[in-house]
Amino acid sequence: MPKGGRKGGHKGRMRTYTSPEEIDAQMKAEKERKKLEQEGVEEGEGGEAPNDTAEAKLQATTSGSEDSDDDSTRRRAGVEGLIEIENPNRVSQKSKKVTHIEIDEQPKQLSRREREEIEKQKARARYLKMHFAGKSDEAKADLARLAIIKKDREEAAKKKEEERKAKEAAAAAAKAARGLHSLSLK
């Protein structure tokens with residue numbers, strides 16, 4: 001049996017994390033509570049204890065709001081209530097409602113890589129447009145090469161046609177010769 005008498009211990013428990021919305025609600029409730037406490041201290045001798053009036057006002061304000069949780073309304077116990085903790089490195093995420101979004105916001109600044117990528121795409125589109133129009137150097141070279149190939153093919157076709165005609169003429173002459181040769185033998 002390991003030391004401590006139990007197997008496992010506390011280290012295997014599941015951790016729970018507080019959501020940012022819940023933290024924001026807690027901070028808001030804490031600020032309201034402090035504000036109400038300060039107002040209660042100023043009024044002070046109204047018959048009730050300042051803590052009781054502050055808590056009553058806090059309960060009245062938080063019960064009316066829909067987005068506060070039960071955890072945000074509970075009173076912090078011990079030293080937690082005395083020490084105000086604020087992390088300067090924590091950036092709170094503020095969600096915007098559709099009605100609060102400004103339509104005429106300034107466009108965000110693009111990074112260097114994004115700008116270069118956009119410029120590269122525009123240059124490529126410009127080049128392709130010039131290439132299809134036949135104005136780029138590569139397109140002119142391609143067209144010249146195609147003209148030479150077309151000319152060579154036409155010459156090859158003419159040469160082939162002449163050879164075919166010569167062959168037909170030779171075949172006709174051979175046939176005629178065979179026809180005369182066969183007549184002469186009879």
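A polar contact is here a pair of N or O atoms within 3.5 Å, where within protein one atom must be able to donate a hydrogen and the other to accept it, and where residues adjacent in sequence count only if both atoms are side-chain atoms. In this structure, the side chain of Ser136 makes such a contact with the side chain of His131, at 3.3 Å. The model is a predicted one, in which local features need pLDDT of at least 70 and side-chain atom pairs count only at pLDDT 80 or more, whereas totals for chains, interfaces and linings use all residues. Residues are numbered from 1 along each chain as its sequence is written, and side-chain values use heavy atoms, with hydrogens and water left out.

The chain has five helices and zero strands, where helices (H or I, at least four residues) and strands (E, at least two) are DSSP runs numbered from the N terminus. Along the sequence this gives the pattern α-α-α-α-α. Of the 186 residues in the chain, 8% are buried, a class that means under 20% relative accessible area, while exposed means over 50% and partly exposed lies in between (1.4 Å probe, protein chains only). The chain exposes about 17,700 Å², and carbon and sulfur atoms supply 53% of that area; accessible areas come from the Shrake-Rupley method with a 1.4 Å probe, and for residues only the protein chains shown count as cover. Among contacts (heavy atoms within 4.5 Å) with a separation of 6 or more, residues 24 or more positions apart account for 48%.

To return to Ser136, this residue is found in the loop between helix 4 and helix 5, and at 6% relative accessibility Ser136 counts as buried. Leaving aside residues up to four places away in sequence, Ser136 touches Tyr127, Met130 and His131.

Charged pairs come next. Side chains of opposite charge can pair when their charged atoms come close. The count of salt bridges comes to six, each being a side-chain nitrogen of Lys or Arg within 4 Å of a carboxyl oxygen of Asp or Glu. One of them joins the side chains of Arg33 and Glu37, at 2.4 Å from N to O; because Arg33 and Glu37 are four residues apart in helix 1 (residues 20-43), they are separated by about one helical turn. Arg33 is buried at 13% relative accessibility, whereas Glu37, at 26%, is partly exposed. Together with Glu30, these two residues are linked in a network of salt bridges.

In helix 4 (residues 112-133), Arg112 and Glu116 are likewise four residues apart, and so about one helical turn separates them. They form a salt bridge whose closest N and O atoms are 3.2 Å apart, and here Arg112 is partly exposed at 49% relative accessibility, as is Glu116 at 39%. Glu161 is partly exposed at 32% relative accessibility, and Arg164 is partly exposed at 40%.

Leu82 has its place in the loop between helix 3 (70-73) and helix 4, and at 71% relative accessibility Leu82 counts as exposed.
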